[in-house]
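Let's walk through a protein model together, one feature at a time.

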Amino acid sequence: MINLSMAAAIPTPAIMTEMNNAKGRGQYKIVEIVNELKPVDIYCYLYARFGAPNGLQNLFLAEDSDNLIHWEWAISIRENVILVQGHNFRSEVHIMGDLSTLPNLKFELITSIKEDFKKYGKDMTQIRTLLEEWQQFLNPYNRIRASTDEILKQIKELNLDPTKDKIADVFEGDDVNANVRRVNELGKKYAFAVGLGFGVRAMLPVLGESFVNFLIFILAKKEVKSDSRFFLSIVRQQIDVRIKSLHLNCDGFKNPIDYKAPACAAFHTLINERNNLLHGNVNIEDLKFNDVYFNGRVPIFRTYEDQWERSIGVSLRSIRFESLEKDREAVRTFILYVIDQLEGGVKNQIEPLLEIRDLGFNKKTGRLGVLFPNRLVDFRLVAKNEDGTTPDIRIR
């Protein structure tokens, strides 16, 4: 068993000397702890037991949360040196010295720390009360925008050209089987594209709506935020009512929203089209694609349409496929219009938040924050023997 009662913090200036001495006496092992011990428990235990982090890695920390190693303690147990580090995805315990008596190192370490929790539980609780608790959450606007833009990108990568791809133009020569294959491939390709287009058509109004809800969440007036029923009644209003009343329910607006403005009118049209699409509303004027007369059971067409127009063409027109990019721009224009009605300082705060996928919320204070950068970074130490081979120093 690792005897933590003998553990002591190493004075920072002496760490390198202690590490070199320990390496010379034995082995170097790295124990990876994910959630066998909660990282917050490890942090509070070490702080309660040894005071503030004293490891050398703390000297290299940036003045924000964008670090590979967030904290490190350097402690000694007799002639062994132990570095405990907090990373983005795990805690690492670097142990240097004579480890020959500890064949099951990870088990021994975790068991010893858990036993020591009992001695320092009260102090750990006190340390925890000094920590700010934040909840990470996905920015719904950013998530929907990323998904919509990715689908539009996939559609673009299909290199569709309805004028060139018309079925009548794909028949080449007298090889019937080859012509059938080409028609089937085109059918599958365009069916996939129509499915993607349906998704975009449904998501575009949701993108604008998520932006409005995001503004309400961030900028809602104090009397709105403090009354949960009042707040819910606002976010459950019809979208046009929510937009028109933004300046009434939120701080930071220099002008009310003019819902008759072209940007709002275009967005409202998208909402109505989305509702018809999602709810399967039977509106003949929106759904019709051909006129035909009958003399008894004999059909007489007003005009002839080719196979393409009667099959793939109908599907493309049903979701206004040719205007997807234009309608995406309409949502962007609507968002820019609303942002322009904000006061300068508020506008400068809101715009960067829209670009962040992962945000943080402090439930106690009601603060919103950017906790981490828009990237995930990890690294692992790789050691090399003199002959170039990699020793097995990690225990997971």
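**Reading the model, feature by feature**

The residues lining the largest cavity are, by class, 11 nonpolar, no polar and no charged.

Q: Which residues are those that line the largest cavity?
A: First, keep in mind that this is a predicted model. The lining is made by Leu 4, Ile 33, Ile 42, Tyr 45, Leu 46, Ile 75, Ile 82, Val 84, Val 93, Leu 109 and Ile 113. Helix H2, strand S4 (80-86) and helix H3 are the elements that each supply two or more of them, and H2 gives the most, with three residues.

Q: How many cavities of 30 Å³ or more are there, and how much space lies in the largest cavity?
A: The structure has one cavity of 30 Å³ or more. The largest cavity holds about 110 Å³ of space.

Q: H2 and H3 keep coming up. At what angle do H2 and H3 pack?
A: Here's the general idea: a pair of packed helices is described by the angle between their axes and how far apart those axes are. In this model, H2 (residues 39-50) and H3 (residues 105-129) pack at about 85°, and their axes are 8 Å apart. Angles of 65 to 115 degrees count as roughly perpendicular, so H2 and H3 are roughly perpendicular to each other.

Q: Which residues make that contact between H2 and H3?
A: On the H2 side, look for Val 40, Asp 41, Ile 42, Cys 44, Tyr 45, Tyr 47, Ala 48 and Arg 49. On the H3 side, they are Ile 113, Asp 116, Phe 117, Tyr 120, Asp 123, Met 124, Ile 127 and Arg 128. Sorted by class, the contact has 11 nonpolar, no polar and five charged residues.

Q: Which strands do H2 and H3 lie across?
A: H2 lies across S1, S2, strand S3 (71-77), S4 and strand S5 (91-97), and runs at about 55° to S3. H3 lies across S2, S5 and S11, at about 60° to S2.

Q: What is the order of the strands in the six-stranded sheet?
A: The order is S1-S3-S4-S5-S2-S11, in an open sheet with mixed pairing. At the edges are strand S1 (7-9) and strand S11 (394-395), each pairing on one side only. Strand S2 (residues 27-33) runs parallel to S11, with two bridges between them, and Val 31 sits opposite Ile 395 in S11.

Q: Which strands stand at the edges of the three-stranded sheet?
A: That open sheet goes S6-S9-S10, with antiparallel pairing. Strand S6 (135-138) and strand S10 (367-369) have a single partner strand each, so one side of each has no neighbour in the sheet. From one strand to the next, the twist averages 30°. Three bridges join S9 and S10, and Phe 361 is opposite Leu 368 in S10.

Q: How many residues line the largest pocket?
A: There are 44, with Ser 65, His 70, Glu 132, Leu 371 and Phe 372 nearest its centre. About 1,900 Å³ of space lies in this pocket. By class, its lining has 20 nonpolar, 13 polar and 11 charged residues. H2 contributes the largest share, four residues.

Conventions. Residues are numbered from 1 along each chain as its sequence is written. This is a predicted model: local features need pLDDT of at least 70, side-chain atom pairs count only at pLDDT 80 or more; totals for chains, interfaces and linings use all residues. Side-chain values use heavy atoms; hydrogens and water are left out. Axes are lines fitted to C-alpha atoms, for helices over the stretch in contact, and angles run from 0 to 180 degrees between N-to-C directions. Angles under 35 degrees count as roughly parallel, over 145 as roughly antiparallel, 65 to 115 as roughly perpendicular and the rest as oblique. Contact means heavy atoms within 4.5 Å. Ala, Val, Leu, Ile, Met, Phe, Trp, Tyr, Cys and Pro count as nonpolar, Asp, Glu, Lys and Arg as charged, and the others, Gly among them, as polar. On a 1 Å grid over the protein atoms alone, a cavity is a set of points where a 1.4 Å probe fits but cannot get out, and a pocket is an open set with protein on both sides within 12 Å along at least five of seven lines; lining residues have an atom within 4 Å of a point. Grid points are joined across faces, edges and corners, and a volume is the space filled by probe spheres set on the points. Two strands pair if DSSP finds at least two bridges between them.
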